[in-house]
Amino acid sequence: MLTFLNTLGEWFLSVLNRLGHVFLFLLRSLYTAVRPPFKFRIFLRQVRFFGNKSLLVVLMTGAFTGMVLALQIYYTLRKFGSEALLGPAVALTIIRELGPVLSALMVTGRAGSALTAEIGIMKISEQIDALESMALNPLRYLIVPNIVAAVLVFPLLTAIFDLVGIYSGYLVGVQLLGLSPGTYFSQMDTIVDMQDVNIGLYKSLSFGVIVSWISCYKGYHAGYGAEGVSRATTSAVVTSSVLILVWDYFLGSILL
Amino acid sequence: MIEIRGLKKSFKDQVVLDGLDLEIGSGEVVAIIGKSGGGKSVLLKHLIGLLKPDAGTILINGVDITSVDVHELRKVRQQFGVVFQGSALFDSLTVFGNVAFPLRERKKLPKEAIRENVLEALEDVGLRGMGNKYPAEISGGMKKRVALARALIAEPSIVLFDEPTTGLDPLILNSIHRLITHTHRKYRFTGIIISHEIPEIFDVADKVAMLYNGAIIQYGTPEEIKNTENPFVRQFITGSSEGPIETL
Ligand SMILES: Nc1ncnc2c1ncn2[C@@H]1O[C@H](COP(=O)(O)OP(=O)(O)OP(=O)(O)O)[C@@H](O)[C@H]1O
Ligand SMILES: [Mg+2]
């Protein structure tokens, strides 16, 4: 019994220790981020990196999510004879929930994993050591630009997802299901308010921090060899995705 | 002046450095020789604070880098230039960008001056016209030479070379050695060269240290090393399979 408690205690301490390590990494990066010199060019390159890698997949998932949502919600609403609410129902679901979450998950799969692999390779090929040996702070060159870029790009990609999703919902509702074109948007106008848009924005901003933070952390602490990098990449995607969903629920319940 | 005292380092239960002492005077060029996997690169990484020892001290011009905070450490590192064993070129930058990097980030020279310096450095390592290539597009030997140019460009006062010539053909090997000697004459840096090039390295180094079983077992001039009585050193420099060192 005592040894069991001992083991449990040790396990708990090691988890705490690791968590502390992960948070410290973020704090150090944020501290570095607010102190000059700022690496503006690297930041721009990373904005392009995130955008380029993820735009297409965000467009596609946005379109199909909107279409599926319109079909499913229409089916439900028809049971109550309130098809006119299709527009706002699709819009609210996308703006508050699916837009931020799905685009964050897509960016994680596309850009987050690539980021982890890239930083992991820099780690194992001693490029991070080389930066250190030049008396430079690797966080400033490799981590900060990514976090700042993600905080900018995530809301933008989410906005694109939202627009595409809502418009595809419109196409399905009006062209396919025969809803009148006016109702879809006019109802949306009255029911969706700024608070909903803000919730989506807060979510996507925080997802940006989560994904870039976890992806960078995993790459920066990758183990040795190709295997170390591939393990880091998998773990970055899994951890980011789980955190996105957990944090989404948490934010959703306090911002309701 | 570099003074290493009682340096110990283990990874898990593998002892790599076991109470290593070594003293290197300013402006000296010291070669470190020893078995592959013997801990030479590990020693070098301790010298710029990339690894923390389990015990022991490393004084760089009087500053113990094993106990200073990161800001102090960066100040000390500004004097260094390092050639890593795997070159460690930044693969998002071109050859030109790599060599220019220390000047751009640390010296803040005007653009034109940087350009001139970099082109000259590339010329020195025989890579004229290669500036626009990316590290993935050049051979291993060329990478080594880019790394060498990058390490020397900011005129560091201490330069660490981790096998700067491994994988190069004999002609380039000799010209790299000449380049090291030549730049050393010009700038008088303190140099530490890890090398397997025996006997060529004896012409470059003022002193040679042999690392064996985690400690320096002989430290002396190339002449002393060549005429050594120590059976371990003797066997190592002659590459003989007969002797106290276990071979495969
Ligand atoms: N980060 C590390 N984690 C665990 N073990 C390590 C690490 N770095 C080095 N080692 C181990 O330390 C030992 C010494 O390695 P080191 O790279 O210093 O050898 P070396 O003398 O430079 O060899 P070579 O001449 O082949 O380059 C090796 O057995 C290696 O496995
Ligand atoms: Mg080595």
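Student: Starting with R128(B), is it buried or exposed?
Tutor: At 64% relative accessibility, R128(B) counts as exposed, where exposed means over 50% relative accessible area, buried under 20%, and partly exposed in between, computed with a 1.4 Å probe and protein chains only. This is a predicted model, in which local features need pLDDT of at least 70 and side-chain atom pairs count only at pLDDT 80 or more, while totals for chains, interfaces and linings use all residues. Residues are numbered from 1 along each chain as its sequence is written, chains are lettered from A and ligands numbered from 1 in the order in which they are written, and side-chain values use heavy atoms, with hydrogens and water left out.

Student: Which side chain does R128(B) meet in a salt bridge?
Tutor: The side chain of R128(B) meets that of E123(B), with N and O 3.5 Å apart; a salt bridge here is a side-chain nitrogen of Lys or Arg within 4 Å of a carboxyl oxygen of Asp or Glu. E123(B) itself is partly exposed, at a relative accessible area of 43%.

Student: And how many salt bridges over all chains?
Tutor: By this rule the count over all chains is 14.

Student: Which side chain of chain B does D129(A) meet in a salt bridge?
Tutor: D129(A) pairs with K45(B) at 3.9 Å, N to O.

Student: What about K203(A), which residue is its partner in a salt bridge?
Tutor: K203(A) and D248(A) meet through their side chains at 2.8 Å, N to O. That pair links distant parts of the chain, 45 residues apart, with K203(A) in helix 7 (residues 194-220) and D248(A) in helix 8 (residues 225-255) of chain A. K203(A) is buried, with a relative accessible area of 2%, and D248(A) counts as buried at 8%. Both also belong to a network of salt bridges that includes E97(A).

Student: Stepping back, how many helices and strands are there in chain A?
Tutor: Chain A has eight helices and zero strands, and its C-alpha trace spans about 65 × 55 × 35 Å along its principal axes. Of the 256 residues in chain A, buried ones make up 47%.

Student: Switching to ligand 1, which residues are closest?
Tutor: The closest are Q14(B), S36(B), G37(B), S41(B) and Q85(B), out of 15 residues that surround ligand 1, a residue being counted if one of its heavy atoms lies within 4 Å. The surrounding residues come from chains A and B, so the site is shared between chains.

Student: Where do the backbone atoms of G37(B) lie relative to ligand 1?
Tutor: A backbone N or O atom of G37(B) lies 2.6 Å from an oxygen atom of ligand 1, and for V42(B) a backbone N or O atom lies 2.9 Å from a ligand 1 oxygen. E163(B) contributes through its side chain, a polar atom of which lies 3.0 Å from an oxygen atom of ligand 1.

Methods: Polar contact = N/O pair within 3.5 Å; in protein donor to acceptor, adjacent residues only side chain to side chain. Helix = DSSP H or I, 4+ residues; strand = E, 2+ residues; numbered from the N terminus.
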